[in-house]
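Subject: Structure handover

Hello,

Here is the structure I said I would pass on. Please open it alongside this email and look up the residues as they come up.

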Amino acid sequence: AACGEGGAPLRVARRPAWAAGETAAVVQAREEAAFDAWIADTDSALEAALAAGDSPASPCLYEHNLEVWRQVWRAAEFADVAVILCDARFPALHLNTHLVDMVADSGAIPVIALTKADLVPDDAVAAWKERLARDCPRVHGAIVAVSAPPRRRVGPGDSAAARRTALASARAAAETRIALLEAVRTAIGAEASRGESVLPEGTVEAFERDACDAIDAAAMEASTAAAALVALDEDSDHDDSRAAPAAGAGYSSESDAPITEGIGDSDSDSGISSAEATDEDEDDAEQVDHGADLVDASCRNPGAVGTLPAGALRGARPGHCTIALCGHPNQGKSTLLNALVGRKRVSVSRTPGHTKHIQTIYLARGIMLLDSPGIVAPRTGVPRALQVVGGLAPTSALREPFSSLRYFAERCHPALHVHYRLERARATMLAEDADELADMQEDEPPWSPLALCEAFAYKRGWTVGRFGRPDAYRAALAMLRDALEGTSATLYWLPADIGESREL
């Protein structure tokens, strides 16, 4: 665990009130004016926090695109249930209670999903569930931990390790489908028991009917995958290639490679972790309706909604329950949707903000899933290094990646040089200089970000310049990508790390 620096959340942009009969131009103008005022207020709050010393010198990145916020507004208005995703490693960074309030005020039933829960110990997940239930009263305890690793494709000639990884991924996807549908069903039931349910009776009946069928099918799929794993373990040859790491954990596929020289700069030696290497390619995704199921073109054209009253999108399809996925970018919304459906239907990417528009797909006859674009809500007190490690800022936008790598390396477990087994690489790299090697043997210097990156690059044969210096910049980006994907060392927060008084 590490000390949390999640900062304090600021209010999110909200859609201004409007009435039926207003033209699209009037509604658009009112939204633009309200959004500009929100941007000005947010910037003023960030500047005030900076002047008071409550915020780091680096600015807090947040979503400035009105069109993205419009997509999120439409999703919240249309959804019967809104699942707000946040990374289980940094819940205090990714969960904004103002976003929960916006979703609840729109009439949707909020549910919190802690994604990538397989990267965090069970006791830490349980502690965060308790903390979030206390700090987010409008969720009414509807909090679920999920893990949805990308599904693997295997062929007849693949090794037992590859088949084992694919079966484990399929089982995790089925278990995630069960957990999330059970959480949604519990949230709907709790809302009705309190007498606060705004869902039409037909919507609740449709969800109950189809959710039961989907849960039964997922349970059968999980059981089948588990049985196949047992059979594979019994029949596999122990002299086969070493087992691949479990999805979302363990070493990268190149971490144990011997130290070599002159490997070259090919794509196959890019250092991308096993989880990243199997990232689904965007071109392979099936075509998904980008909002065509949302009643009419108004959801694809944010300015063409003036003829509908606020909230009219919800319930426009009687007998259907719509579940929206919301939250920060790079939280696994599209991956979770693919896991819920059981096959790849939307493209995913490690780049934050990959989803640009609302995407809809039916999980069952009466259950529609809605994937909304990720939005970064404003916060104070978030250093730029944490924004990168937390997935809020893309690594491609970094001027220098070493500060972010230092933040991760000083807090993760085990140490990066232990995880990547870089001691021998460092010794071999310095062997040419007898004086430096002797000094290192007498009093080994500490591992710095540059030393980590040079040893990492040397181990993989990544060089730059005609003198063949280790490509430290490329190595830093590769290690940061591993950290984001969860295939590197572990870094997570506990509720005690951020303090009981910290606002989420």
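Below is what was found in it, starting with the whole chain and then going to single places.

This is a predicted model, in which local features need pLDDT of at least 70 and side-chain atom pairs count only at pLDDT 80 or more, while totals for chains, interfaces and linings use all residues. Residues are numbered from 1 along each chain as its sequence is written, and side-chain values use heavy atoms, with hydrogens and water left out.

The whole chain

The chain contains 17 helices and 10 strands. Both are DSSP runs numbered from the N terminus: helices are H or I with at least four residues, and strands are E with at least two. Of its 504 residues, 51% count as buried. Buried means under 20% relative accessible area, exposed means over 50%, and partly exposed is in between (1.4 Å probe, protein chains only). Among the contacts with a separation of 6 or more, 78% are between residues 24 or more positions apart; a contact means heavy atoms within 4.5 Å.

Helices

Helix α6 runs over residues 160–193, which is 34 residues. From first C-alpha to last, α6 reaches 49 Å, close to the 50 Å expected; the expected span is 1.5 Å times one less than the number of residues. After α6 comes G195, with a positive phi near 75 degrees.

In α13, the buried residues are A425, R426, M429 and L430. Seen down the axis of α13, they fall within an arc of 120 degrees, so they line one face of the helix. The arc is that of the directions from the helix axis to the C-beta atoms. An α-helix has 3.6 residues a turn, so residues three or four places apart point the same way.

A217 lies in helix α7 (residues 201–235). With 46% relative accessibility, A217 counts as partly exposed. A217 and I178 are 39 residues apart in sequence, and their C-alpha atoms are 9.2 Å apart in space.

Aromatic rings

A search of the whole structure finds 6 aromatic pairs. Rings of Phe, Tyr and Trp (its six-membered ring) pair if their centres lie within 6.5 Å; planes under 30 degrees apart count as stacked, over 60 as edge-to-face and the rest as tilted.

One of the pairs is W38 with Y62, edge-to-face, at 5.6 Å centre to centre and 85 degrees between the planes. W38 lies in helix α1 and Y62 in the loop between α1 and α2, so the pair ties together parts that are 24 residues apart in sequence. W38 is buried at 2% relative accessibility, and Y62 is buried at 8%.

Y420 and F456 also form an edge-to-face pair, with 4.9 Å between centres and 85 degrees between planes. Y420 is in the loop between α12 and α13 and F456 is in helix α15, so this pair ties together parts 36 residues apart in sequence. Y420 and F456 are both buried.

Ring pairs also link F35, W38, Y62 and W69 into a cluster.

The charged end of R460 sits over the ring of F456, 3.8 Å from its centre. R411 lies over the face of Y407, 3.7 Å from the ring centre. A charge counts as over a ring if NZ of Lys or CZ of Arg is within 6 Å of the ring centre and within 35 degrees of the ring normal.

Cysteines

How many disulfides does a search of the whole structure find? The search finds 0, where a disulfide is a pair of cysteine sulfur atoms within 2.5 Å. C321 is buried at 0% relative accessible area, and C412 is buried at 10% relative accessibility.

Regards
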